[in-house]
Amino acid sequence: MYAFHKNRHKLVLDKTDIRILDILQTNAEMQVNHIATKVFKSPSSTHERIRKLEEKGVIKRYVAVLDRWLVGRPTLVVVMVQLKEHGIDILHEFAHKMTGYPEVQFCLHLSGEFDFVLHLTLIDSQEYDEFLELKLCAHPMVHKVQSSFVLKEFKSMAALPLVL
């Protein structure tokens with residue numbers, strides 16, 4: 001079952017932790033000894049801090065950010081979805097189904113008129129038509145869909161702003 005809400009408590013991060021996280025958000029490949037130099041700590045201390053940040057779930061994973069155009073998936077579509085019903089099992093099932101599709105980059109549960117927003121990365125409008133017909137609208141709980149093709153992307157996959 002897809003978990004909508006996890007009990008999370010804000011961790012207390014000091015200036016060094018925040019600086020390490022800022023560095024890793026910019027370049028997750030940076031070697032620990034280089035990070036240690038930038039935060040004025042020893043490599044072993046820095047490595048231990050990173051390990052604890054990973055262990056506590058602050059650092060969820062490391063990924064390579066790809067250029068959509070260069071890998072042949074230039075079409076970005078934002079899709080708003082309204083469901084017919086709103087029971088917790090229905091919400092969980094819909095989210096689980098949508099997150100299983102590789103073209104769905106984001107699946108966000110919303111308040112307001114629409115229940116979900118999906119960000120899809122696709123080859124072209126034909127692939128979107130197939131997704132809409134065979135996957136999204138084929139779901140029995142989908143009531144209404146509103147789609148927008150992104151014309152220009154000004155900021156994407158931004159690092160989180162961190163403050164003390």
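A salt bridge here is a side-chain nitrogen of Lys or Arg within 4 Å of a carboxyl oxygen of Asp or Glu. A search of the whole structure finds eight of them. The model is predicted: local features need pLDDT of at least 70, side-chain atom pairs count only at pLDDT 80 or more, and totals for chains, interfaces and linings use all residues. Residues are numbered from 1 along each chain as its sequence is written, and side-chain values use heavy atoms, with hydrogens and water left out.

**View 1. An open four-stranded sheet.** The strand order is β2-β3-β1-β4, with antiparallel pairing. Strands pair if DSSP finds at least two bridges between them. Strands (E, at least two residues) and helices (H or I, at least four) are DSSP runs numbered from the N terminus. β2 (104–109) and β4 (142–149) are the edges, each pairing on one side only. Neighbouring strands are turned by 20 degrees against each other on average, direction ignored. Axes are lines fitted to C-alpha atoms, for helices over the stretch in contact; angles run from 0 to 180 degrees between N-to-C directions.

**View 2. The β2 and β3 pair, with two helices on the sheet.** Five bridges join β2 to β3 (residues 116–122). V104 stands opposite L120 in β3. Helix α4 (residues 88–99) packs on the sheet and touches β1 (75–83), β2, β3 and β4; contact means heavy atoms within 4.5 Å. The direction of α4 makes about 165 degrees with that of β2. Helix α5 (residues 125–136) also touches β1, β2, β3 and β4, and its direction makes about 170 degrees with that of β4.

**View 3. H139 in the loop between α5 and β4.** H139 is buried at 7% relative accessible area. Buried means under 20%, exposed over 50%, partly exposed in between (1.4 Å probe, protein chains only). The H139 side chain reaches the backbone nitrogen of M141 at 3.1 Å. H139 touches E93, F94 and K97, not counting residues up to four places away in sequence.

View 4. R51 and E55 meet with their closest N and O atoms 2.6 Å apart. R51 is partly exposed at 31%; E55 is exposed at 60%.

**View 5. A salt bridge between R73 and E127.** The closest N and O atoms are 3.0 Å apart. R73 lies in the loop between α3 and β1, E127 in helix α5, 54 residues apart. R73 is partly exposed at 24%, whereas E127 is buried at 17%.

Definitions and conventions: A polar contact is a pair of N or O atoms within 3.5 Å; within protein, one must be able to donate a hydrogen and the other to accept it, and residues adjacent in sequence count only if both atoms are side-chain atoms.
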